[in-house]
Amino acid sequence: MQTGHTGFSASLICLLLVISEAIAQSEDNMEAKAAASETAVRWSQSLCAGEQQYVRQRKQVVLKTLSSLGINCTAGLVPHIALLGSGGGQRAAVGLVGSLYQMEEEGLLDTLLYLGGVSGSTWSMSSLYSDPEWSTNLDRAVSRLSGPGVEMELALAWLDERSKEENFSLTDVWGVLTSAGIMKQMDLRRFSDEASRNASNPYPIYCAIEKHCFSNGPIEGKWFEVSPHQAGFPELGVFIETSLLGSRFQGGKLLEQKPEMDMVQLQGVFGCALAHEEVIREFIPPWLDVPGQIDFAAEEYLRVYNALHKLVALTRSTSKDPASLSDLDKLQKILEDKVNRNESAWQQSRSMEERKTLSKHWSLELLAVVETWSQDLEEGAFKTHVSRLIQTVLPLILKWEWGTTANFLYQYQGLTLCCWAEHSVPPCLQLKDRFHLLDAGLLINVAYPSFLGDKRDIDLLIAPEYSAGNMFETLTLARDYAAAVNKPFPEIDEKILEERDWPKDCYVFEGKDKEPTIVYMPLFNRNNCKDAEEFKAKMEEYSTFQRAFSQDKIEFVLETAKTNVKNNKETLLREINKAVLRRHN
């Protein structure tokens, strides 16, 4: 009996050892799978390790700057301050450079932990960060705004290479022409390169939205952010490494790693407001602006006309030759004459199908006009360049595809054991192998969503406002967004909203508890516009959708943005000091 027990005990021990080994192997396998999954798709509502390390290093810079300003602070209580550049095309791109320039002049730039941007502000951000030490020499950034630009041949060479890729779209055309013609450089570096830099500059966050979720999905699937370390949906808490954005995934697994997007491509993604039909409808010919006539039937025609109109304007910005500019003026006049046709044919088309047919016919007419114009150009380099551009772009205009990117959430179910699994991947992100990233300004024209809540734990948001449209709209949209995702946001006095037609140059919306304080600074305001009429005139003169700015316009916007910061230095200092006290409390 004793021997039997001993044999049974030995067998049991062996069995337990086998089971425990199997369990250990299973746990090891699960950990390995989890680790492998984490390297591809990361679920978390906390900062990634790379951003944490950068922020720790950046805080040392901020601490030193606060000391130089006479503000007492300790290393563990450095306030989290972000400057958020709004959208607004070239007005925003130039305005942000002006604001940052004056922040540096006043000794305030290195109080910033973060720099966030959408739309036009991301154009200047991508230009700024091409210089690893930009915050110590903003003269270079200012001079680049007035530089000679990029030769059309270089822009076309980039476009030719990009057109061979699977997800080539109008976003690439937009990116290369804004880079070459407006920002005056072709920045071919990769955004993830900045992950290995020192912390001499604020940590950059660029923002976009996903098209299908923007139109039909839950709010958690709309906002998209990209940093040097990761890219993804902050409300869902799901990310990949930035270097993998554009690579092919399925079920959370990396199938094929593609080359990382360069900054020219990303500039197109972040600043392509023209991609959405709601924006197109704002730029309609007067005869189509008739109640009941603006319907889906007209959209193709409006898309084609506005894309061609903008293409001509951007092409102008890459050319200095008087003869070429004259030829482009002729094309612009031909397009305007075509679109300002008699409206009777449209109004006589009773049914939706009739209007669609007419819209299609007129769209093809516009494209044919451009082809005929290019064929009639005098032989030479300009004709060669234009022909290559037309051959590449016209098919894309008809296709009307923007921001096409391989979807890293395709058929992805999420980690069922993850504490964030209640935010399952919505169908608008899960069902297709590609998604479409567009200008975040279509949702909110300032990057507030990326800086709300506990993740980055922001104390102070400095928001120079370069947007068109209603002043304070970005604030009210952000307030509503914060409420929808249950994140704190400061109260906005409704009486202040009544000043939208002629705002002051600075407002402070003070945060309580976990709410960030917001310093809101409209570009055009009561200090530089004598009344509401002049304010409106300035907004129209420096509108978002127009030809590249003249040198006079560039200098005016730069100086206006600088003056706003200079005039409000004391307010900024006071709020920075309060942010420090807030951390201490």
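Me: Which residues point one way from strand β3 (residues 114–117), and which the other way?
Reply: The model is predicted, so local features need pLDDT of at least 70 and side-chain atom pairs pLDDT 80 or more, whereas totals for chains, interfaces and linings use all residues. Residues are numbered from 1 along each chain as its sequence is written, and side-chain values use heavy atoms, with hydrogens and water left out. Strands (E, at least two residues) and helices (H or I, at least four) are DSSP runs numbered from the N terminus, and buried means under 20% relative accessible area, exposed over 50% and partly exposed in between, with a 1.4 Å probe and protein chains only. In β3 all four are buried, with Tyr114 and Gly116 pointing one way and, the other way, Leu115 and Gly117.

Me: In which sense do strand β2 (residues 81–85) and β3 pair, and which residue of β3 is the bridge partner of Leu84?
Reply: Two strands pair if DSSP finds at least two bridges between them. Four bridges join β2 and β3, and the sense is parallel. The partner of Leu84 in β3 is Gly116.

Me: Of which hand is the β-α-β crossover from β2 to β3?
Reply: A crossover is right-handed if, with the strands pointing away from the viewer, the path from the first strand over the helix to the second runs clockwise. Here the chain passes from β2 through helix α3 (residues 89–105) to β3, and the crossover is right-handed.

Me: Which residue of strand β4 (residues 203–210) stands opposite Tyr114?
Reply: β3 also pairs with β4 in the parallel sense, over four bridges.

Me: Which cysteines does the disulfide join, and of which hand is it?
Reply: A disulfide is a pair of cysteine sulfur atoms within 2.5 Å. Cys213 and Cys428 are joined, S to S 1.8 Å. The torsion about their S-S bond is about 70°, so the disulfide is right-handed.

Me: How many residues apart in sequence are the parts that this pair ties together?
Reply: Cys213 is buried at 0% relative accessibility, whereas Cys428 is partly exposed at 22%. Cys213 lies in helix α8 (residues 211–216) and Cys428 in helix α16 (residues 427–430), so the parts tied together are apart by 215 residues.

Me: How many residues of helix α7 (residues 170–181) are buried?
Reply: α7 reaches 16 Å from its first C-alpha to its last, close to the 16 Å expected, where the expected span is 1.5 Å times one less than the number of residues. The buried residues include Asp172 and Trp174.
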